[in-house]
Amino acid sequence: MSDDWDTVTKIGSKVTGGASQRETVVRGKGALNAAQRTGAIIGTEKKFTTGNTVNKAGSEGQRLTKVDRSDDIVAPQKVPAEIGQNIRNRRSKEGPYKMTQAQLAQKVNVQANDIKLLESGDAIKNQGLLNRVARVLKISPKTGLPLDDK
């Protein structure tokens, strides 16, 4: 018997009523061996679940299941380097937005290291942080480009 969690081994046949043996599910290797010794009919079926496909709009659950089953390590999304560069440029130019990383971090209520990682492009994408930085610097959270000061 395989240790694959996707398979179910059933003993017996589907019988409706009467004194015949009903279909049972084997829970261990010992029970399977005992059924084989008695000569019972043994069948293995593959289980198919649709638990991850409830969300028809997106297949995030299916993607996570694939990631969970794969041996590869999937890196999380990072903030694009050009957004970090645009934040650095906006923060370093003369004017009302000129401030250090520590000052920006204090206004956004995060650690200065988070701003450093954001500007270098090594930060894991955090839309909440990007939105707060964009609000303070008056830039677009999607591109990092300055918004029109109207």
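Select Lys 138 to begin; this residue is placed in the segment after H6. Helices and strands here are DSSP runs, with helices (H or I) of at least four residues and strands (E) of at least two, numbered from the N terminus. Lys 138 is partly exposed, with a relative accessible area of 42%. The class follows from the cut-offs: buried means under 20% relative accessible area, exposed over 50%, and partly exposed in between, with a 1.4 Å probe and protein chains only. Colour by phi next: Lys 138 has a positive value of about 55 degrees although it is not a glycine. Most residues other than glycine have a negative phi.

The model is a predicted one, in which local features need pLDDT of at least 70 and side-chain atom pairs count only at pLDDT 80 or more, whereas totals for chains, interfaces and linings use all residues. Residues are numbered from 1 along each chain as its sequence is written, and side-chain values use heavy atoms, with hydrogens and water left out.

**From Lys 138 to Arg 90**

Display the side chain of Arg 90 together with the backbone of Lys 138. A polar atom of the Arg 90 side chain lies 3.4 Å from the backbone oxygen of Lys 138. A polar contact is a pair of N or O atoms within 3.5 Å; within protein, one must be able to donate a hydrogen and the other to accept it, and residues adjacent in sequence count only if both atoms are side-chain atoms. Arg 90 belongs to helix H3. Is Arg 90 buried or exposed? Its relative accessibility is 15%, so Arg 90 counts as buried.

**H3 against H6**

Now select residues 81-92 for helix H3 and residues 127-137 for helix H6; the two pack at an angle of about 30 degrees, with their axes 11 Å apart. H3 is therefore roughly parallel to H6. Axes are lines fitted to C-alpha atoms, for helices over the stretch in contact, and angles run from 0 to 180 degrees between N-to-C directions. Angles under 35 degrees count as roughly parallel, over 145 as roughly antiparallel, 65 to 115 as roughly perpendicular and the rest as oblique. H3 passes H6 in a left-handed crossing, meaning that the near helix is turned anticlockwise from the far one by less than a right angle.

Which residues make this contact? On H3 they are Ile 83, Ile 87 and Arg 90, and on H6 they are Leu 130, Val 133 and Leu 137. Contact means heavy atoms within 4.5 Å. By class, five of these residues are nonpolar, none is polar and one is charged. Ala, Val, Leu, Ile, Met, Phe, Trp, Tyr, Cys and Pro count as nonpolar, Asp, Glu, Lys and Arg as charged, and the others, Gly among them, as polar.

**H4 against H6**

Leu 104, Lys 107 and Val 108 of H4 meet Leu 129, Arg 132, Val 133, Val 136 and Leu 137 of H6. This contact divides into six nonpolar, no polar and two charged residues.

Move on to Asn 109, in the loop between H4 and H5. Asn 109 is not a glycine, yet its phi is positive, at about 65 degrees. With a relative accessibility of 67%, Asn 109 counts as exposed.

Show H3 with H5: their axes come within 6 Å and cross at roughly 120 degrees. From H3, Gly 84, Gln 85, Ile 87, Arg 88 and Arg 91 meet Leu 118, Glu 119 and Ser 120 of H5. This contact has two nonpolar, three polar and three charged residues.

In the loop between helix H5 (112-120) and H6, select Ile 124. Ile 124 is exposed, with a relative accessible area of 52%. Leaving aside neighbours within four places in sequence, Ile 124 is in contact with Pro 76, Gln 77, Lys 78 and Val 79.

**After H6, and the whole chain**

Return to the segment after H6 and select Ser 140. Ser 140 counts as buried, at 17% relative accessibility. Beyond its neighbours within four places in sequence, Ser 140 is in contact with Ala 134, Leu 145 and Leu 147.

Finally, zoom out. The chain has six helices and three strands, in the order β-β-α-β-α-α-α-α-α from the N terminus. Of its 150 residues, 23% count as buried.
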